[in-house]
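Visitor: I should like to examine this structure with you, one question at a time. Where shall we begin?

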Amino acid sequence: MNRILVSVLMAAVMVAGGAFAEQKKTPMDSNSDGKVSKEEFCSAREKMMKNAGREFNRTAVEKQFAAKDKNKDGFLTGEELKGKKQTQEKSGDED
Ligand SMILES: [Ca+2]
Ligand SMILES: [Ca+2]
């Protein structure tokens with residue numbers, strides 16, 4: 001009986017894993033090389049801030065970039081970009 005449940009779970013895990021492995025294009029990655037450079041990150045942020053009618057603070061953005069760039073290679077890749085949905089949208093005390 002449980003064998004069906006197990007195989008359903010296995011299938012679900014495999015599907016989830018496959019979806020995960022699939023490269024999602026990041027809007028920040030303007031040259032589509034699969035990673036976001038500091039320049040791309042800054043200009044994306046700048047655009048975002050301007051759209052929101054807020055002042056762009058490059059120093060703060062570079063700090064955010066450095067915080068995300070866990071392996072310090074100067075680029076944000078998939079793993080590092082996953083932490084995207086943090087509370088930074090509502091921060092505003094760091095400016
Ligand atoms: Ca790029
Ligand atoms: Ca990195």
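Guide: We may begin with confidence, as this is a predicted model in which local features need pLDDT of at least 70, side-chain atom pairs count only at pLDDT 80 or more, and totals for chains, interfaces and linings use all residues. Residues are numbered from 1 along each chain as its sequence is written, while chains are lettered from A and ligands numbered from 1 in the order in which they are written.

Visitor: Which element of the chain has the lowest mean pLDDT, and which the highest?

Guide: pLDDT is the predictor's confidence in each residue, from 0 to 100. Where pLDDT is low, the predicted coordinates should not be read in detail. The chain averages a pLDDT of 84, and 77% of the residues score at least 70. Among the elements, the lowest mean, 76, belongs to α1, and the highest, 97, to α3.

Visitor: What pattern does the chain follow when read along the sequence?

Guide: Helices (H or I, at least four residues) and strands (E, at least two) are DSSP runs, numbered from the N terminus. The chain has four helices and two strands. Read in sequence order, these elements give the pattern α-β-α-α-β-α.

Visitor: How many residues does helix α2 have, and what distance does it reach from its first C-alpha to its last?

Guide: The expected span of a helix is 1.5 Å times one less than its number of residues. For α2, residues 38-51, that expectation is 20 Å, and the model comes close to it. Helix α2 has 14 residues and reaches 20 Å.

Visitor: Which residues of α2 are buried, and why do they lie on the same side of the helix?

Guide: A residue is buried if 20 or more other C-beta atoms lie within 10 Å of its own, exposed if 12 or fewer, and partly exposed in between, with C-beta atoms placed from the backbone. The buried residues of α2 are Glu40, Phe41 and Arg45. They share one side of α2 because they cover an arc of only 125° around the axis, the arc being that of the directions from the helix axis to the C-beta atoms. On the other side of α2, the exposed residues are Glu39 and Lys50.

Visitor: What covers the buried residues of α2?

Guide: Contact here requires the C-beta atoms of two residues, placed from the backbone, to lie within 7 Å. The cover of the buried residues in α2 includes β1 (36-37), α3 (58-68) and β2 (75-76).

Visitor: Which residues does Phe56 touch, not counting residues up to four places away in sequence?

Guide: Phe56 has its place in the loop between α2 and α3. Phe56 is partly exposed, with 15 other C-beta atoms within 10 Å. Its C-alpha atom is separated by 9.1 Å from that of Cys42, 14 residues apart along the chain. With that sequence exclusion, Phe56 touches Arg45, Glu46, Met49 and Lys50.

Visitor: Ser32 is not a glycine; what is the value of its positive phi?

Guide: Ser32 lies in the loop between α1 (2-21) and β1. Ser32 is exposed, with 8 other C-beta atoms within 10 Å. Its positive phi is about 55°.

Visitor: Where is Lys72, and what is its phi?

Guide: Lys72 is placed in the loop between α3 and β2. Lys72 is exposed, with 7 other C-beta atoms within 10 Å. Although Lys72 is not a glycine, its phi is positive, at about 55°.

Visitor: At which residues does UniProt place the feature "domain: EF-hand"?

Guide: UniProt positions are given in the numbering used here, feature names are shortened, and annotations may be inferred rather than shown by experiment. Over residues 28-51, the chain is 58% helix and 8% strand, and the end C-alpha atoms are 15 Å apart. The unreviewed UniProt entry places the feature at residues 28-51 and 56-91.
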